[in-house]
Amino acid sequence: MMADRAKTMTFPNTVSLPGVHRLPFWTPIFWVLMAGGAYVAYLRLFRGLGAVTNLSDPFPWGLWIGFDVLCGVGLAAGGFTLVAVVHIFNLKRYKPILRPAILTAFLGYVLVVVALLFDLGRPDRIWHPLVMWNPHSVMFEVAWCVMLYTSVLALEFVPAVCERFGWKAPLNVLRAISIPVVILGVILSTLHQSSLGSLYLIVPEKLYPLWYTPLMPVLFYISAICVGVAMTIFESWHSSREFGRHIEMPLLSGMARLLAVLLSMYIALRLMDLFQRGGLGLVLVPRMETYLWLLEMSLLIVPALLLYSYRVRHSAPALYACSLMVVFGFIANRLNVSVTGMEAGLGVHYVPKWTEVTVTLAVVALGFAIFRFAARRLPIFESAELSQKPVP
Amino acid sequence: MSQAILYDSTLCIGCRECEKACAARWKLPYNDKIAAEEKISAHKLTAIQTHGEHYSRRLCMHCNEPACASVCPVGALNKTALGPVVYDETKCIGCRYCMLACPFQVPTYEWSSRTPRVRKCDMCYDRRKAGLPTACAEACPTGATISGDREQLIAEAKRRVADKPDQYYNRIYGINEVGGTSVLFLSAVPFDQLGLKTRLPKEPLPQLTWGALSLVPDVVSAGGVLLGGIWWITHRREEVAAAERGEKEGKK
């Protein structure tokens, strides 16, 4: 019922609105992925995890944890970063790109939960951490933070819905509690973004030493902020093309400067840590992990250097290319920690099954589709357009 | 009075009576095909392995400070005071973090089940509570596997090595590994030749996470004060600026 309505509401509109489709076959691709995802969901439910994944006793976590959860949560970090920039640091000029970032984050977290329902052996017990506590478990902390933070994001997103339908009373309530909610959101994000790194502190003998370091929580946190900023640039670029809006270049250039500094900090910290642990020599060992590490690092170092250039920061395509590199570098890092960096230690070579890939692609496509739907129906960009003074 | 198991590889004849007794105790199927599988799995919680002319055994090591119990978000795994690490399948949500965290890669999963469980040896917790030996120890015809008090078993192992130094590799596996385990191994050859992990840290693995996790209250309180402070300053600055503008206009 809902799906039918969503269908009739979204897709006929796409033709009538200005803006160009970047992907000509987007709609058929989307529905093929949805059908594929539904089919895998059916298999998963009735035949078990073994039928739809290449996971095994020695390799219990694969693509769904490595990409859907670790990358999903990280890519949604733009939400808390921009909320902090606008509401805590009071840099109001960034307000036009705040709502898209909150929407991305909210969708990101909801989709992480969807992916978890696929991955958990007993999805019907996803609520267990609420009542069964183990404060010594990083996973317990992450579960609580993700749950609370998803609620915070809902509160931060709901104003857009209230404005759309002209509900004044809830808006006033939300405004009254907004600052404590914002602060809570930033703290919760700090906790679980870093804790995703802490998850891997328990496997010192399994994770390849190019990635294993006691600093993982700190590194995960900084890289999440980096990719959060990069995602804001990525979104602005795509939504400007999609919705035929002008791109907020002065704002994005400002974000890009912050990104250059944060990335440099991250890279310096990683190299210093590797040096201090006596691991720099590993960079010369000819094995798969080394090449993957070099790929990951270059995807972060190249944009970090480029973004120091004024010309790059003020050119929309160059800025977009840099943000894309950071996003891919981040994804490479999370997959290296969770999959490729673990293979040697676990003694298994893991390649995801087509069913795993289908679910992951379906989740990503669903994210894009809901974002588009919400952006067309709710004041996500409008408020931005109004408050934005024309660029000279 | 922590309970433990001592497996002496030099006494093992590879008869697999321990496997059979274990399967019977867990009501799992056991036949020649399963006997030939030399690895533990959801349907085989202990396995005899052949390493050249030596035998080895795989089973849960029942760590003194188990990584699996520390990482479980719902506390489905617990180290009992008696020694065994036990699993409560009614709590488990199936995140499989225990399988990733276990330094011995012991917990296994019912991958093809609709309501899957983690499976692992529980050192016959019910039998040990009743003062009975473990099923595997009871079934072992040569005394290669015995169960008893951990300290006494360590003393016994030391005695065996001291009595016949030429027949034993001069170490007991499990005394120090990841902070000590409740399953101990004796062998004629270095332990890596039995397929045991020999490069494990000496300190318990849960300590590694606790270092980070114990900072959570500090992050919450310091973060709250810091963010609240920044918010107050940045907004106060704005208020002051607005008030000053107002004053100037008022004077005019």
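# A three-strand sheet in chain B

Modeller: In chain B, three strands form an open sheet with mixed pairing, in the order β8-β1-β9. Its edge strands, each pairing on one side only, are β8 (145-149) and β9 of chain B. On average, neighbouring strands of this sheet are turned by 25° against each other, direction ignored, with axes fitted to C-alpha atoms (for helices over the stretch in contact) and angles running from 0 to 180 degrees between N-to-C directions. The model is predicted: local features need pLDDT of at least 70 and side-chain atom pairs pLDDT 80 or more, while totals for chains, interfaces and linings use all residues. Residues are numbered from 1 along each chain as its sequence is written, and chains are lettered from A and ligands numbered from 1 in the order in which they are written.

Biologist: How many helices and strands does chain B have?

Modeller: Chain B has 9 helices and 9 strands; these are DSSP runs numbered from the N terminus, helices being H or I of at least four residues and strands E of at least two.

Biologist: What sets chain B apart from a compact globule?

Modeller: The globule rule, 2.2 Å times the number of residues to the power 0.38, is compared with a radius of gyration over C-alpha atoms. For 252 residues a compact globule would be near 18 Å, but chain B has 27 Å. Its C-alpha atoms fill a box of roughly 105 × 45 × 35 Å along the principal axes.

Biologist: Which residues of chain B touch chain A, and how many are there?

Modeller: Contact requires C-beta atoms, placed from the backbone, within 7 Å; by this rule 50 residues of chain B are in contact with 43 of chain A. At least two residues each come from α3 (67-71), α4 (97-101), β6 (108-109), α8 (206-213) and α9 (216-251) of chain B. The largest share, 12 residues, comes from α9(B).

Biologist: Why is α10 of chain A called largely enclosed?

Modeller: Of the 21 residues of α10(A), 17 are buried, so the helix is largely enclosed by the rest of the structure. α10 (residues 178-198) reaches 30 Å from first C-alpha to last, close to the 30 Å expected, the expected span being 1.5 Å times one less than the number of residues.

Biologist: What covers the buried residues of α12(A)?

Modeller: The cover includes α11 (216-242), α13 (288-306), α14 (310-313) and α15 (316-346) of chain A. Among the buried residues of α12(A) are A:Leu252, A:Met255, A:Leu259 and A:Tyr266. Just after α12(A), A:Gly278 takes a positive phi of about 70°.

Key
Two residues are in contact if their C-beta atoms, placed from the backbone, lie within 7 Å. Two strands pair if DSSP finds at least two bridges between them. A residue is buried if 20 or more other C-beta atoms lie within 10 Å of its own, exposed if 12 or fewer, and partly exposed in between; C-beta atoms are placed from the backbone.
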